[in-house]
Amino acid sequence: MVDLTTEYLGLKLAHPLVPSASPLSKNLDSARQLEDAGASALVLSSLFEEKIEAEMQQMERFFYGQGIGYGEADSFHPVPDQVLTYQEQYLEHLQQLKSALKIPVIASLNGTSLGGWIEYGQALQQAGADALELNIYHLAANIAESSEAVETRYLEILRELKSKVSIPLTLKLGPQFSSPIHFAQRLQEAGADGIAIFNRFYQPDIDLETLQVVPKLELSTAAEALLRIRWTALLYGRVKLSLAVTGGFHETADVIKALLAGADVVHLCSVLLARGIGQLSQIHSELIEWLEAHEYESIKQMKGSVSQQHSIDPSLYERANYVQVLDSYTPASGVLR
């Protein structure tokens with residue numbers, strides 16, 4: 001029997017396949033189905049500080065402040081005795097999952113203020129989260145903000161939160177950092193337990209009829225996996241952080257490549273939404289078949305064996321790959337007509 005166990009954020013998991021944040025984790029029944037299909041852990045969708053603050057302002061306006069200047073309106077919108085806020089619903093859901101599931105549950109937090117990161121991070125730990133993913137969504141659109149300032153923002157959040165909670169912390173990073181390996185090392189020194197690469201920041205679109213900027217959500221494609229695999233191979237062995245890959249893992253072959261590059265776990269999302277929860281079991285079975293066919297005894301044995309440090313030609317992860325790809329490309333017939 002092949003040993004599929006892996007360690008992620010100090011948690012011993014049965015295998016590296018971890019469903020990530022999606023509508024499937026927001027429902028207790030679908031979360032149970034994910035566990036039944038073989039999920040080794042579950043990452044929840046983020047708790048958003050913005051939504052908490054917006055709800056508080058709305059409650060203040062419509063319930064508690066309705067009588068300002070109009071005393072007769074004090075009871076127009078009676079304050080409900082038992083209304084679960086967005087934050088309370090999230091924490092209650094987390095507690096339900098912890099009670100119902102046997103696998104680790106990793107909470108996710110998206111804050112906007114340092115105080116919010118600390119307050120809500122502590123609340124998630126108290127509710128029973130096994131680990132916490134910091135989903136720091138920051139778009140560096142300020143021309144006066146340097147790359148150093150952007151990195152400092154991440155480090156300050158991490159250091160402050162690390163001093164207030166005891167559960168493992170992992171950061172979900174975007175691909176835009178100018179020196180990801182150096183930044184990963186700084187995160188490790190600041191107390192991070194792991195990183196997830198890479199966050200998919202959804203891009204706004206332009207409606208050509210109304211000329212309005214509109215939100216647009218698109219599921220990942222398999223083509224996105226290669227960027228994650230490459231940087232995992234470059235990071236492996238250079239930092240002691242747990243490494244997770246997320247975004248674009250639709251095929252078993254790409255999951256295997258990520259593990260060979262050095263990933264501890266592979267997050268699955270779009271493939272489960274597009275093809276169904278049963279795809280988790282399918283990838284699990286195909287992973288075992290490949291390992292057995294290639295005479296691997298464990299995930300540990302194959303993990304990182306094709307990272308840059310262990311690759312036959314390490315230069316192919318850097319500039320050599322770029323040169324060879326350009327030299328090898330041949331235009332399709334008819335292009336030059």
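Author: First, the naming: helices (H or I, at least four residues) and strands (E, at least two) are DSSP runs, numbered from the N terminus. Just after H10, Glu295 takes a positive phi of about 60°. Keep in mind that this is a predicted model, where local features need pLDDT of at least 70, side-chain atom pairs count only at pLDDT 80 or more, and totals for chains, interfaces and linings use all residues. Residues are numbered from 1 along each chain as its sequence is written, and side-chain values use heavy atoms, with hydrogens and water left out.

Reader: OK, how many residues does H10 have, and how far does it reach?

Author: H10 covers 278-293, which is 16 residues, and reaches 23 Å from its first C-alpha to its last. That is close to the expected 22 Å, taken as 1.5 Å times one less than the number of residues.

Reader: Which residues of H10 are buried?

Author: Gln279, Leu280, Ile283, Leu287 and Leu291. Buried means under 20% relative accessible area, exposed over 50%, partly exposed in between (1.4 Å probe, protein chains only). Those five cover an arc of only 110° around the axis, so they sit on the same side of H10; the arc is that of the directions from the helix axis to the C-beta atoms.

Reader: And what's on the face turned away?

Author: The exposed residues Gly278, Glu289 and Ala293. The buried ones pack against several elements, including strand E3 (17-19), helix H1 (28-36) and helix H8 (252-261).

Reader: Switching topic: how many aromatic pairs are there?

Author: Rings of Phe, Tyr and Trp (its six-membered ring) pair if their centres lie within 6.5 Å; planes under 30 degrees apart count as stacked, over 60 as edge-to-face and the rest as tilted. The count is four by that rule. In one of them, Tyr154 and Phe177 have ring centres 5.2 Å apart and planes at 80°, so this pair is edge-to-face.

Reader: Where do Tyr154 and Phe177 lie?

Author: Tyr154 is in helix H5 (147-162) and Phe177 in the loop between strand E7 (169-173) and helix H6 (180-189), so the pair ties together parts 23 residues apart in sequence. Tyr154 is buried, because its relative accessibility is 2%.

Reader: Last one: what does the side chain of Gln308 join up with?

Author: The side chain of Arg238, through a polar contact of 2.8 Å. A polar contact is a pair of N or O atoms within 3.5 Å; within protein, one must be able to donate a hydrogen and the other to accept it, and residues adjacent in sequence count only if both atoms are side-chain atoms.

Methods:
Contact means heavy atoms within 4.5 Å.
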